[in-house]
Structure formats: structure tokens, C-alpha cells
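This briefing goes with the sequence and model shown below, and it takes up strand pairing, the ligand surroundings and the chain as a whole.

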Amino acid sequence: MAPPASIGSDGVVTGPGAGKAEVAHAKLGVAGVEIQFEIGKHAHLAVAETSFSVADGEKLILLGPSGCGKSTLLKAIGGFIRPSRGEILLDGIPVREPGPDRMLIFQEFGQLFPWKTIEGNIVHALRAVRGCSAGEARDIAARHLEMVGLLPDRHFYPHTISGGMKQRVAIARALAVDPAVLLMDEPFGALDAQTREVLQRELNQLWAKTRKTIVFVTHAIDEAVRLGERIIVLTAGPGRIKAVFANPCAESYLADFEGDPAGAAELRKEIRGLLEQRPARGIGG
Ligand SMILES: Nc1ncnc2c1ncn2[C@@H]1O[C@H](COP(=O)(O)OP(=O)(O)O)[C@@H](O)[C@H]1O
Ligand SMILES: [Mg+2]
């Protein structure tokens with residue numbers, strides 16, 4: 001029998017037996033998940049056995065180089081891809097398909113319905129997903145547009161607003177639906193550097209206000225350190241967990257996003273060192 005899995009103080013489930021019982025109490029549990037794509041006759045391992053859990057209200061970063069399987073893992077949590085092995089549990093219940101309890105935000109700016117206004121996009125989601133009345137949906141939309149500073153712009157159509165504004169609308173829409181977990185796949189990756197920083201700061205502020213459980217994927221070390229409460233570092237493909245850091249700077253960045261808190265430079269350096277290591281070859285066959 002496989003040895004039992006254990007959950008470390010960092011919340012990570014480890015051990016080959018990591019399974020249902022061990023992650024059942026977490027908000028989100030990823031237990032022994034492996035994801036393989038069939039390409040013709042070949043199998044391509046995108047995510048090697050990975051186990052971790054996410055606590056309620058946590059902001060967790062999955063950090064790894066391009067192609068290491070971050071999006072694949074996030075899509076599996078979203079229910080869009082079935083793991084080849086292992087299980088994903090949300091509030092102890094296996095994820096089998098997509099659902100509004102897991103809203104996913106992508107890097108692309110084209111996530112909004114172009115024929116609906118900013119407000120219309122959010123109202124539509126609330127009516128379709130939550131079954132809200134028109135008046136109720138408008139109230140909830142207004143509250144969330146206020147939170148991202150777009151209430152005065154609510155009658156604009158997506159083609160008239162900037163990329164940063166579009167991502168703010170996508171975030172407001174996702175939060176308005178009130179998912180159990182917000183899944184963010186490099187949402188600021190296509191923004192210019194200045195706007196990216198503004199949105200990073202705003203996300204920290206939103207999270208401080210809502211304490212929504214967030215799994216945020218990025219390949220950028222500075223973004224991970226500024227946003228993560230906990231940072232999981234993945235190896236180059238196939239992705240597997242290389243290290244987990246409880247970010248000692250997380251509170252400082254919430255209070256002062258522009259600051260350079262003690263320990264941040266060291267953490268960035270340590271993570272950079274890990275990401276620059278070549279993948280081990282020949283170990284375990
Ligand atoms: N639908 C798919 N079919 C086949 N291979 C895929 C598919 N999606 C992703 N991959 C492959 O899986 C690996 C991980 O991709 P991805 O999750 O997009 O990485 P990341 O988001 O970390 O950049 C890559 O080698 C990629 O080519
Ligand atoms: Mg990706």
C-alpha cells in the first residue's frame with residue numbers, strides 16, 4: 001500500500017497516497033493529479049503528479065516557466081480538462097465539469113461580449129448564472145463596477161475601452177457571480193508594464209476587501225512575490241511542484257504595494273535560482 005499523504009504546515013499535500021481524505025477539508029484540493037494529452041499515437045505529459053490544497057480565502061500563486069502546464073492545471077481545476085490521474089475537489093466534492101463556482105479569467109482581452117456594454121456584460125452573467133432579476137443584477141453590477149473604479153464608464157462597449165479596463169470588467173464580472181474560487185491565468189500578461197502594476201495593486205486591494213479564494217497563474221517572479229500569500233513553484237514541463245513558499249512579504253505588499261519590503265529581494269533571488277536549474281534527467285527512469 002502507498003504510504004499515507006501528509007499536509008505540511010504550508011498546506012501542501014505530499015506523498016504518493018495524497019488523496020480524497022487528505023484534501024477533503026480544504027477549499028480546493030488537487031490530489032495526485034497528472035494530465036496527459038494524446039497527440040496521435042503519442043502521449044504528452046503536461047502535468048506530472050501534483051498535489052496541493054488551497055485554504056478558504058487564500059491567494060495562491062502557481063509560478064512556472066512557459067509550457068510547464070500552468071494553464072492546463074488551471075483548466076483542469078476549472079473543469080475544462082479531465083485529469084488523466086488523480087482528483088480535484090472543491091469543498092470536498094470532485095470537479096467533473098465547468099461551473100460558476102470556478103470563474104476563470106484569461107490573459108486575452110476578448111473575454112467580454114462585444115455587443116453588450118460593460119454593465120450589460122455583468123448583468124448578463126448574473127441573470128444567466130445566478131438567476132437574478134434585472135434590477136437585482138444591476139445593483140450587484142454597480143457595486144462591483146464601483147470596486148474596480150468603472151461605475152462611471154458602465155455604458156461603454158468593450159471595443160471603446162482599453163485592455164486594462166477590459167480586464168477590470170472581467171474581474172468585476174467574475175467577482176459579481178461570487179464563485180467559490182477565482183482562477184486567474186496570467187490575467188495581466190498582455191498589459192503594458194505600467195498598467196500591469198496598477199492592476200496588480202488593485203487586485204491586492206480587492207482581495208483584502210473580499211478575501212476571495214484565488215488561484216493565480218504567472219510566469220513572472222516579481223508578480224508572484226507581489227501578489228502571492230503562498231507561491232508554488234513548478235518545474236519546466238512536465239510541471240511538478242519544485243518548492244512552496246509562504247510569502248513573508250504578502251502583508252507588506254497589501255499595505256504598501258510600491259514598497260520594497262525586507263525579504264522580497266531574497267525571495268525573488270531564491271525563486272530565480274530554482275527556475276534556472278536545469279530539469280534533472282535520468283532520475284527514476
Ligand atoms: N490541448 C492540448 N493538446 C496537446 N498539448 C497541449 C494542449 N494544451 C497544452 N498542451 C501542451 O501541454 C504543455 C503545457 O501547456 P500549458 O499548460 O499551456 O503551459 P503554460 O500555461 O505553463 O505555459 C505544453 O507542452 C503544451 O504544448
Ligand atoms: Mg499558460
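Strands β8 and β9 (residues 181–185) pair in the parallel sense over four bridges, where strands are DSSP runs of E of at least two residues and helices are runs of H or I of at least four, numbered from the N terminus, and where two strands pair if DSSP finds at least two bridges between them. The model is predicted, so local features need pLDDT of at least 70 and side-chain atom pairs count only at pLDDT 80 or more, whereas totals for chains, interfaces and linings use all residues. Residues are numbered from 1 along each chain as its sequence is written, while chains are lettered from A and ligands numbered from 1 in the order in which they are written.

**The sheet**
- Ile-105 has Met-184 of β9 as its bridge partner.
- An open sheet of six strands runs in the order β8-β9-β10-β5-β11-β12, with mixed pairing.
- Because β8 (102–105) and β12 (241–246) stand at the edges with a single partner strand each, one side of each is left without a neighbour in the sheet.

**Around ligand 1**
- Of the 13 residues around ligand 1, the nearest are Phe-37, Ala-46, Lys-70, Ser-71 and Thr-72, a residue being near if its C-beta atom, placed from the backbone, lies within 6 Å of the molecule.
- Two or more residues of this shell come from each of β3 (28–39), β4 (42–54) and α2 (70–78), and α2 gives the largest share, three residues.

**The whole chain**
- The chain has nine helices and twelve strands.
- Of its 285 residues, 41% count as buried, meaning that 20 or more other C-beta atoms, placed from the backbone, lie within 10 Å of the residue's own.

Terms used: Buried ≥ 20, exposed ≤ 12 C-beta atoms within 10 Å, placed from the backbone.
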